[in-house]
Amino acid sequence: QLSKLTLNSTAIWEREKSRGPLIAPLIIKAPYYVLTFLLDVIFEHRNPFQRFFLLETVARMPYFSYITMLHLYETLGFWRRSADIKRIHFAE
């Protein structure tokens with residue numbers, strides 16, 4: 001049943017347009033529109049889960065980078081210098 005799933009890029013763009021204009025500076029909107037267009041072209045006739053997996057991976061990158069840097073700081077001993085940094089981290 002999963003192989004029967006499809007993703008219609010035209011329907012997605014119609015849904016986006018129905019939400020109203022995107023209010024953001026051009027420096028934000030331009031990469032957004034370019035990347036969404038590329039995703040539509042690349043994943044047009046593929047399984048929707050491939051597109052979802054790519055988007056999930058990209059969305060997790062900032063979190064993994066943050067955790068990696070925290071581990072690096074702890075390994076290098078920077079965490080021992082300030083208990084306030086630890087409190088902020090665990091509060092987040």
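These legends go with a set of close-up views of a predicted model. Residue numbers count from 1 along each chain as its sequence is written, and side-chain values rest on heavy atoms, with hydrogens and water left out. Because this is a predicted model, local features need pLDDT of at least 70 and side-chain atom pairs count only at pLDDT 80 or more, while totals for chains, interfaces and linings use all residues.

**View 1. Where helices α2 and α3 cross.** Here we look at helix α2 (residues 26-42) against helix α3 (residues 48-76), whose axes come within 10 Å and cross at roughly 150°. Helices (H or I, at least four residues) and strands (E, at least two) are DSSP runs, numbered from the N terminus. The axes are lines fitted to C-alpha atoms, for helices over the stretch in contact, with angles running from 0 to 180 degrees between N-to-C directions. The crossing of α2 and α3 is right-handed; the term is used if the near helix is turned clockwise from the far one by less than a right angle, and left-handed if anticlockwise. On the α2 side, Thr 36, Leu 39 and Asp 40 do the touching, and they meet Arg 51, Leu 54 and Leu 55 of α3. Sorted by class, this contact has three nonpolar, one polar and two charged residues. For that tally, Ala, Val, Leu, Ile, Met, Phe, Trp, Tyr, Cys and Pro are nonpolar, Asp, Glu, Lys and Arg are charged, and the others, Gly among them, are polar.

View 2. Arg 51 belongs to helix α3. At a relative accessible area of 11%, Arg 51 is buried (under 20% is buried, over 50% exposed, in between partly exposed; 1.4 Å probe, protein chains only). Which residues is Arg 51 in contact with, once neighbours within four places in sequence are set aside? They are Leu 7, Ser 9, Thr 36, Leu 39, Asp 40 and Phe 43, with contact meaning heavy atoms within 4.5 Å.

**View 3. Thr 36 up close.** Thr 36 sits in helix α2, and its 15% relative accessibility makes it buried. A polar atom of the Thr 36 side chain lies 2.9 Å from the backbone oxygen of Tyr 32, and the backbone oxygen of Tyr 33 lies 3.1 Å from a polar atom of that side chain. A polar contact is a pair of N or O atoms within 3.5 Å; within protein, one must be able to donate a hydrogen and the other to accept it, and residues adjacent in sequence count only if both atoms are side-chain atoms. Not counting residues up to four places away in sequence, Thr 36 touches Trp 13 and Arg 51.

**View 4. The two ends of helix α1.** At the start of α1 (residues 9-18), a side-chain oxygen of Asn 8 comes within 3.0 Å of the backbone nitrogen of Thr 10. After the helix comes Gly 20, with a positive phi near 105°. Ile 12 is a residue of α1, partly exposed at 32% relative accessible area. Ile 12 and Asp 40 are 28 residues apart in sequence, yet their C-alpha atoms are 9.7 Å apart in space.

**View 5. Aromatic pairs.** Rings of Phe, Tyr and Trp (its six-membered ring) pair if their centres lie within 6.5 Å; planes under 30 degrees apart are stacked, over 60 edge-to-face, and the rest tilted. That rule gives three aromatic pairs. Tyr 63 and Phe 64 have ring centres 5.9 Å apart and planes at 55°, so this pair is tilted. Phe 64 is partly exposed, with 44% relative accessible area. Elsewhere, ring pairs join Trp 13, Tyr 32 and Tyr 33 into a cluster.

**View 6. Leu 5, ahead of α1.** Leu 5 is found in the segment before α1 and is partly exposed, at 43% relative accessible area. Leu 5 and Pro 48 are 43 residues apart along the chain, with their C-alpha atoms separated by 7.1 Å. Leaving out residues up to four places away in sequence, Leu 5 touches Pro 48 and Phe 49.
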